[in-house]
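Thanks for coming, everyone. Please have the model open.

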Amino acid sequence: MTLELDDIDRALVRALCEDATQSAGALGRDHGLSQPATWRRIKRLREAGVFGPRRVDLNLEKLGFGVTVFLGIKLATKGRVSLENLERAVSAIPEVQTVQHVLGVYDYRLRVVAQDLPDFERVLRRRIMTLPGVGNVEANVLLSEERRAGPI
């Protein structure tokens with residue numbers, strides 16, 4: 001069931017996507033609501049599952065990860081490899097940020113971070129290519145990224 005959002009709910013969601021640390025008081029002032037009314041709306045949105053888990057947005061470059069690579073992985077033999085086992089093994093690799101099971105040319109899409117290209121090559125050769133069932137792999141190096149607020 002989809003939650004009905006009014007214009008104020010959408011404005012609050014957009015504002016929190018920009019800066020999730022804003023207080024209910026500050027959001028209320030910006031949107032013509034009292035602090036308690038804003039807090040109740042945010043609580044309703046949270047309880048309805050509109051907001052996922054809270055996370056910190058890390059600056060990967062400052063942490064020493066200068067390269068992000070998207071990998072497309074085609075399984076060598078679909079019937080012989082347990083998808084759950086492959087997903088579990090890939091998820092255990094610390095450099096892999098996301099694992100997506102997709103429909104199309106590839107079976108999986110991974111977002112992998114590394115210190116630099118030689119470090120990425122090490123991760124690819126020693127950790128990813130040695131996983132059972134991995135067949136063809138295509139790598140796309142991220143050059144730049146622009147974040148968009150989304151449809152709300």
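Contact, throughout this talk, means heavy atoms within 4.5 Å. Helices (H or I, at least four residues) and strands (E, at least two) are DSSP runs, numbered from the N terminus. Now the ground rules. This is a predicted model, where local features need pLDDT of at least 70, side-chain atom pairs count only at pLDDT 80 or more, and totals for chains, interfaces and linings use all residues. Residues are numbered from 1 along each chain as its sequence is written, and side-chain values use heavy atoms, with hydrogens and water left out.

Start with H3. It covers residues 35-47, 13 residues in total. From first C-alpha to last it reaches 18 Å, close to the 18 Å expected at 1.5 Å a residue. That expected span is 1.5 Å times one less than the number of residues.

Which residues of H3 are buried? Ala37, Thr38, Arg41, Ile42 and Leu45. Buried means under 20% relative accessible area, exposed over 50%, partly exposed in between, with a 1.4 Å probe and protein chains only. Looking down the axis of H3, the buried residues fall within an arc of 135 degrees, so they line one face of the helix. The arc is taken over directions from the helix axis to the C-beta atoms. That buried set packs against helix H1 (7-18) and helix H2 (24-31). On the other side of H3, Arg40 and Glu47 are exposed.

Now the ends. At the start of H3, a side-chain oxygen of Ser34 comes to within 3.2 Å of the backbone nitrogen of Ala37. Just after H3, Gly49 has a positive phi of about 85 degrees.

On to the voids. We use a 1 Å grid over the protein atoms alone. A cavity is a set of points where a 1.4 Å probe fits but cannot get out; a pocket is an open set with protein on both sides within 12 Å along at least five of seven lines. Lining residues have an atom within 4 Å of a point.

The largest pocket has a volume of about 1700 Å³. It is lined by 40 residues, with Cys17, Arg55, Val56, Asp57 and Arg147 nearest its centre. H1, H2, H3, strand E1 (67-75) and strand E2 (96-101) each give two or more residues to that lining. H1 has the largest share, 4 residues.

The largest cavity is about 30 Å³. Its lining is Ile73, Leu86, Glu87, Val90, Val99, Tyr108 and Leu110. Helix H4 (83-91) gives the most to that lining, 3 residues.

Notes: A polar contact is a pair of N or O atoms within 3.5 Å; within protein, one must be able to donate a hydrogen and the other to accept it, and residues adjacent in sequence count only if both atoms are side-chain atoms. Grid points are joined across faces, edges and corners, and a volume is the space filled by probe spheres set on the points.
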